[in-house]
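Colleague: I am new to this structure. Could you show me how to read it, feature by feature?

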Amino acid sequence: MRRQYLSPTSSVSGSGELGGPAYLPRGQAHPGCAHCDAPLRPFLRLELPKSAQAPAQVLSVLMCAGHNEIPCFEPWRQLPPAYWDQAEGHWRAYLVEAGTGHESEGPACLQRQPMAWTAEPAADADGCIAVGGEPQWLQDPEAFTCACGAPMHFVAQVSDSYRFAQTPEAPEQPDGPYADGYVLFLGNEVYIFACSARCDPRAVWITVQN
Ligand SMILES: [Zn+2]
Ligand SMILES: [Zn+2]
């Protein structure tokens, strides 16, 4: 898939959504934060179209409203077994084949914003969410191998300090740059990878740079 951007749309059903329900594997309960037990908040959901290599899939990224930290402190390139349970416990990501999972919302703290694919980032946005193509690294390029031996392929990138609009009732995010919005992973540039063999719905890895 060549690089595209997610931009806000007025359509009710876009190619993705900020703040809407996560798409979890069938039978899995809504995940909680390993540090405080609070239900994780869905930040980002992306509908990835079917390709020659893969069926249509849905990527979900969730993070705790009360814990804001980078995804992992380990410098892994070869990811260890069940690496998704060995990262910091305040976030989760899932890549689930479309039609096989279920939506799970958790308590709202972010405003729901449907998003649509565009060839260019939204003109008024100082940040963007890019999908497909090649990552645009702020520092040295990174590459990862899944615990199953397959290479991790690049899925999406979220600009540093990308602001997720919060609901009026949501508490201010700790360690965030905004009084009225949330960021992912302290507002670092976020790079999302997934196992090219799709060995597990949680075989998703996130690295950050700044
Ligand atoms: Zn927490
Ligand atoms: Zn794998």
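Modeller: Start with Ile192. Apart from neighbours within four places in sequence, Ile192 is in contact (heavy atoms within 4.5 Å) with Leu44, Leu59, Val61, His153, Phe154, Val155, Ala156, Val204, Trp205 and Ile206. This is a predicted model, where local features need pLDDT of at least 70, side-chain atom pairs count only at pLDDT 80 or more, and totals for chains, interfaces and linings use all residues. Residues are numbered from 1 along each chain as its sequence is written, chains are lettered from A and ligands numbered from 1 in the order in which they are written, and side-chain values use heavy atoms, with hydrogens and water left out.

Colleague: Which residues touch the most other members of the largest nonpolar core?

Modeller: A nonpolar core is a set of buried Ala, Val, Leu, Ile, Met, Phe, Trp, Tyr and Cys residues joined through side-chain atoms within 4.5 Å. Buried means under 20% relative accessible area, exposed over 50%, and partly exposed in between, using a 1.4 Å probe and protein chains only. Here the largest core has 51 residues, and Leu44, Met152, Leu184, Ile192 and Trp205 touch the most other members. Strands are DSSP runs of E, at least two residues, numbered from the N terminus. Those that each supply at least two residues of this core include strand S4 (41-48), strand S5 (57-63), strand S10 (152-158) and strand S13 (189-195). S13 gives the largest share, 6 residues. A second, separate core has 10 residues, among them Ala22, Tyr23, Cys64 and Val96.

Colleague: How many disulfides are there?

Modeller: A disulfide is a covalent bond between the sulfur atoms of two cysteines. The test is a pair of cysteine sulfur atoms within 2.5 Å. Searching the whole structure gives 0 disulfides. For Cys109, the nearest cysteine sulfur belongs to Cys64, 8.9 Å away. Cys109 is buried, at 2% relative accessible area, while Cys148 is partly exposed at 42%.

Colleague: How do I read a pocket?

Modeller: Rolling a probe the size of a water molecule over the atoms shows where empty space is left. On a 1 Å grid over the protein atoms alone, where a 1.4 Å probe fits, a pocket is an open set of points with protein on both sides within 12 Å along at least five of seven lines; lining residues have an atom within 4 Å of a point. The second largest pocket holds about 350 Å³ of space. It has 18 lining residues, and those closest to its centre are Met1, Ser51, Gln53, Ala54 and His153. Strand S10 supplies the largest share of this lining, 3 residues.

Colleague: Where is Asn188 found, and is it buried or exposed?

Modeller: Asn188 is in the loop between strand S12 (181-182) and S13. Asn188 is buried, with a relative accessible area of 10%. Asn188 and Ile70 are 118 residues apart in sequence, yet their C-alpha atoms are 7.9 Å apart. Setting aside neighbours within four places in sequence, Asn188 has contacts that include Ile70, Val158 and Val208.

Colleague: Which loop holds Asp37?

Modeller: Asp37 is in the loop between strand S3 (22-25) and S4. Its phi is positive, near 70°, in a residue other than glycine. Asp37 is exposed, at 67% relative accessible area. Ser161 also has a positive phi, about 60°, and is not a glycine; Ser161 is partly exposed at 28%.

Methods: Points joined across faces, edges and corners; volume = space filled by probe spheres on them. Helix = DSSP H or I, 4+ residues; strand = E, 2+ residues; numbered from the N terminus.
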